[in-house]
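Here's a quick briefing to read alongside the model. Have a look at it first, then we'll start with the ligand and move on to the fold.

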Amino acid sequence: KSGFVTIVGRPNVGKSTLLNHVVGHKIAIMSNKPQTTRNKITAVHTTEEGQVIFIDTPGIHKPQSKLGNYMVSVAENTLNEVDLVLFVVDANEKRGAGDEYIIERLKQVKTPVFLVINKIDKVHPEALLPIIDDYRKLYDFKQIIPISALEGNNTSSLMQAIFNEM
Ligand code: GDP
Ligand code: MG
């Protein structure tokens, strides 16, 4: 099995952390500053089951500049070119205009989308259900998977779900 997966989400939700975690060594740039990752960075996760090629995007947001325009178009083109999209959100942050903008873009493509609720190490387990209900109203996600990319909680289930999709 093999396939391409792209990770989208607002800045600082943990996309690079997730990418680094699944690949096992640091290749993406991690920072608290938004938009440090300016290019598509690919990483390969290989197991006996096959390989998953990850693409870290610059982030999809309403463009504010020519560079922003370019970055958004790179991210949007990627959505059509991959087998699966991981839409990462922060369990500790309220859904905002940035998330809604991305969801509108996701509605334009046929690629299946998993909702990855990250940073579950920072919230009470009871807080998860309202988050899931909230996002479910906006988009028919193929799967919804809560994780902690930092601590590695449930990331093996995420990888299994990704392989099952291929
Ligand atoms: P990106 O902008 O979406 O690529 O986000 P980053 O991967 O750069 O992460 C932004 C910040 O969130 C960093 O300080 C990370 O250490 C932190 N972070 C990422 N994942 C988790 C997580 O699962 N739990 C916690 N507590 N922090 C996380
Ligand atoms: Mg990043």
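Around ligand 1, the shell splits by class into 5 nonpolar, 9 polar and 4 charged residues (Ala, Val, Leu, Ile, Met, Phe, Trp, Tyr, Cys and Pro count as nonpolar, Asp, Glu, Lys and Arg as charged, and the others, Gly among them, as polar). This is a predicted model: local features need pLDDT of at least 70 and side-chain atom pairs count only at pLDDT 80 or more, while totals for chains, interfaces and linings use all residues. Residues are numbered from 1 along each chain as its sequence is written, with chains lettered from A and ligands numbered from 1 in the order in which they are written.

**Ligand shell**
- Gly14, Lys15, Ser16, Thr17 and Leu150 come nearest of the 18 residues around ligand 1 (near means a C-beta atom, placed from the backbone, within 6 Å).
- Helix α1 (residues 15-23) gives the most to that shell, with 3 residues (helices are DSSP runs of H or I, at least four residues, and strands runs of E, at least two, numbered from the N terminus).
- In α1, 7 of 9 residues are buried (20 or more other C-beta atoms within 10 Å of a residue's own, C-beta atoms being placed from the backbone), among them Lys15 and Ser16.

**Fold**
- The protein chain has 5 helices and 6 strands, in the order β-α-β-β-α-β-α-β-α-β-α.

**Strand β4**
- All 7 of the 7 residues of β4 (residues 84-90) are buried, so this strand is largely enclosed by the rest of the structure.
- β1 (residues 2-8) runs parallel to β4, joined by 4 bridges (pairing takes at least two DSSP bridges).
- β5 (residues 113-118) also pairs with β4 in the parallel sense, over 6 bridges.

Key:
A residue is buried if 20 or more other C-beta atoms lie within 10 Å of its own, exposed if 12 or fewer, and partly exposed in between; C-beta atoms are placed from the backbone.
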